[in-house]
Amino acid sequence: MTDKPTQTDPLDQYFADARQNTPQPSTDLLARIVEDAVSTQKSSEGELRYTVDDTPRGVLASLLRQLGGWPTLAGLSTASVAGLWLGLSAPELLVAATQGVMQADEAVYAIEFEVESYFDFSEGAL
Amino acid sequence: MPFDASTKVADETLLVLYANGDADAARELTLRLTPRIMGHAYRILGNQAEAEDVAQEAMLRLWRVARDWRQGEAQVTTWLYRVVANLCTDRLRRSRSVALDEIPEPEDGASGPVDGMQEQARSSALQGALNRLPERQRQAVVLRHIEELGNPEIAAIMGVSVEAVESLVARGKRALTADLQGRREDLGYTDD
């Protein structure tokens, strides 16, 4: 078998010449287009502008976005720490905190409550 | 912010800068994109004045869409070529035929008078043959072989599959070859 030389597509020369001879825009046209750009820009001044989209695309970033971003995460963290503190703190501290909230009279009622005077638990009473 | 030739800022970034009020970004986009879309419109329409109108209209649409541009979805050039294709189609529908003698002569380059005339003759011959192609074949051939875009991008511009682009280009080139056959010697081409 004899290798034949690869023949160039005869159209390639036409295309190459066409690329060399493509008409270029006049300076007038370029000026008109820039003018359009400036007038369009002016007509929409004051509208909401936007920025290059540099939003992180990772899984954690996505989760954070769905939760509502950093402010929400800060609130969530504070609530979690407070819950942990309540869970771990000693009972005395909890009592002190509770008493601080409760009225003094309510505390007296709780102390003077006598079960026997209101309920009869003796056999056959019911 | 001025942009010199060495600045490699993406078209999309320039568009965002323009939307945020940067006039230099508009100038840079104009200089970068207008020659490409005007050249494409010229190859499709075969008329320089109409190609200029189409280029201006396409760029105007780009300025208008800048604020609503959805980043990362499409390349600016792909979007522009699609707009140009639609505008050309509208114009071709309005006036179905373009007489060959209406095709303006390409601007003279740096070559000598004889070479320049021959290049113009070749370019006009190709343009005449392109004008005789069905519109979709013409568009596919121009995008592939003059704009030198890849088939996937052409498919996105024309809204067809890559296979359809390949078919359009192949059929277009066969028709061009048949049309231009026998003119090679007249146009100064040699087969060496």
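User: Among contacts in chain B between residues at least 6 apart in sequence, what share joins residues at least 24 apart?
Analyst: Happy to start there: this is a predicted model, in which local features need pLDDT of at least 70 and side-chain atom pairs count only at pLDDT 80 or more, while totals for chains, interfaces and linings use all residues. Residues are numbered from 1 along each chain as its sequence is written, and chains are lettered from A and ligands numbered from 1 in the order in which they are written. Two residues are in contact if their C-beta atoms, placed from the backbone, lie within 7 Å. Among the chain B contacts between residues at least 6 apart, the share joining residues at least 24 apart is 62%.

User: What percentage of chain A is buried?
Analyst: A residue is buried if 20 or more other C-beta atoms lie within 10 Å of its own, exposed if 12 or fewer, and partly exposed in between, with C-beta atoms placed from the backbone. In chain B, 40% of the 192 residues count as buried. For the 126 residues of chain A, the figure is 9%.

User: Which element gives the most to the side of chain A that touches chain B?
Analyst: The contact takes 30 residues from chain A and 43 residues from chain B. On the chain A side, the elements giving two or more residues are helix 1 (10–20) and helix 2 (27–43) of chain A. The top contributor, with 10 residues, is helix 2 of chain A.

User: How many residues on that side of chain A are nonpolar?
Analyst: Ala, Val, Leu, Ile, Met, Phe, Trp, Tyr, Cys and Pro count as nonpolar, Asp, Glu, Lys and Arg as charged, and the others, Gly among them, as polar. The side of chain A that touches chain B holds eight polar and seven charged residues, and its nonpolar residues number 15.

User: At what angle do helix 1 and helix 2 of chain B pack?
Analyst: Axes are lines fitted to C-alpha atoms, for helices over the stretch in contact, and angles run from 0 to 180 degrees between N-to-C directions. The axes of helix 1 (residues 11–19) and helix 2 of chain B are 7 Å apart, and the angle is about 140°.

User: What is the handedness of the crossing of those two helices, helix 1 and helix 2 of chain B?
Analyst: A crossing is left-handed if the near helix is turned anticlockwise from the far one by less than a right angle, and right-handed if clockwise. For helix 1 and helix 2 of chain B, the crossing is left-handed.

User: Which residues of helix 2 of chain B make the contact with helix 1 of chain B?
Analyst: The residues of this contact divide into seven nonpolar, no polar and two charged. Helix 1 of chain B brings B:Asp11, B:Leu14, B:Leu15, B:Leu17 and B:Tyr18, and helix 2 of chain B brings B:Ala25, B:Ala26, B:Glu28 and B:Leu29.

User: Which elements do the buried residues of helix 3 of chain B pack against?
Analyst: Those buried residues include B:Ala51, B:Val54, B:Met59, B:Leu62 and B:Trp63. They pack against helix 2 of chain A together with helix 2 and helix 4 (76–94) of chain B.

User: Is B:Ala140 buried or exposed?
Analyst: B:Ala140 is in helix 6 of chain B. Its contacts, not counting residues up to four places away in sequence, include B:Ile154, B:Leu168 and B:Val169. Because it has 29 C-beta neighbours inside 10 Å, B:Ala140 counts as buried.

User: Which residue in the loop between helix 6 and helix 7 of chain B is B:Glu148's phi a feature of, and what is that phi?
Analyst: B:Glu148 sits in the loop between helix 6 (135–146) and helix 7 (151–158) of chain B. With 9 C-beta neighbours inside 10 Å, B:Glu148 counts as exposed. Although B:Glu148 is not a glycine, its phi is positive, at about 60°.

Key: Helix = DSSP H or I, 4+ residues; strand = E, 2+ residues; numbered from the N terminus.
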